[in-house]
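Thanks for coming. I have one structure to go through today, and I will define the terms as they come up. Please have a look at it first.

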Amino acid sequence: MDSWETEIIVVFKSTHETLTAEKGLKGASIRIRTMIKPRSISSQCSLALSFRREDWERVRIVCNEGGWHPVGYYIPAEDGSWEALGED
């Protein structure tokens, strides 16, 4: 499926870490897009990275290998909010 409807977002502590992770994830051939972080998610960074659910395990592995420590991973809830999947 090529739809972003089944997306997960990952949030980092800083813009620098987000942009570094973006570069690394793209280098690993993972399709991601940078977006404004939803206000309901607590983090000092105003950006988030969005990716397809089927890439979740690969994103976690690449982030771990790159030394990037996400604040958390989130999925859209039915009420329009974001539910945490867990933290690394």
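The names E and H stand for DSSP runs, numbered from the N terminus: strands (E) have at least two residues, and helices (H or I) at least four. This is a predicted model, in which local features need pLDDT of at least 70 and side-chain atom pairs count only at pLDDT 80 or more, while totals for chains, interfaces and linings use all residues. Residues are numbered from 1 along each chain as its sequence is written, and side-chain values use heavy atoms, with hydrogens and water left out.

Back to the pairing. E1 runs antiparallel to strand E4, residues 72-76, over three bridges. E1 also pairs in the antiparallel sense with strand E3, residues 47-52, over four bridges. There, Val10 has Leu49 as its bridge partner. Two strands count as paired if DSSP finds at least two bridges between them.

Is E1 buried or exposed? Five of the five residues of E1, residues 7-11, are buried, so the strand is largely enclosed by the rest of the structure. Buried means under 20% relative accessible area, exposed means over 50%, and partly exposed is in between, using a 1.4 Å probe and protein chains only. In a regular strand, side chains alternate between the two faces of the sheet. In E1 both faces are covered, with Glu7, Ile9 and Val11 buried on one side and Ile8 and Val10 buried on the other.

Glu7 has a partner. Its side chain makes a polar contact of 2.4 Å with the side chain of Ser50. A polar contact is a pair of N or O atoms within 3.5 Å; within protein, one must be able to donate a hydrogen and the other to accept it, and residues adjacent in sequence count only if both atoms are side-chain atoms. Ser50 is located in strand E3 and is buried, at a relative accessible area of 0%.

Now the whole chain. The protein has two helices and five strands, in the order β-α-β-β-α-β-β. It has 88 residues, of which 43% count as buried.

Next, the cores. A nonpolar core is a set of buried Ala, Val, Leu, Ile, Met, Phe, Trp, Tyr and Cys residues joined through side-chain atoms within 4.5 Å. The largest one has 15 residues, and those touching the most other members are Phe12, Leu25, Leu49, Phe51, Val59, Cys63 and Tyr73. At least two residues of this core come from each of E1, helix H1 (15-27), E3, helix H2 (56-66) and E4. H2 gives the most, with three residues. Another core lies apart from it and has seven residues, including Ile9, Val11, Ile41 and Val71.

Last, the rings. How many aromatic pairs does the structure hold? It holds two. Rings of Phe, Tyr and Trp (its six-membered ring) pair if their centres lie within 6.5 Å; planes under 30 degrees apart count as stacked, over 60 as edge-to-face and the rest as tilted. The Phe51 and Tyr73 rings have centres 6.4 Å apart and planes at 85 degrees, so this pair is edge-to-face. Phe51 is in strand E3 and Tyr73 in strand E4, so the pair ties together parts 22 residues apart in sequence. Trp56 and Tyr73 are also edge-to-face, at 6.1 Å centre to centre and 70 degrees between the planes.
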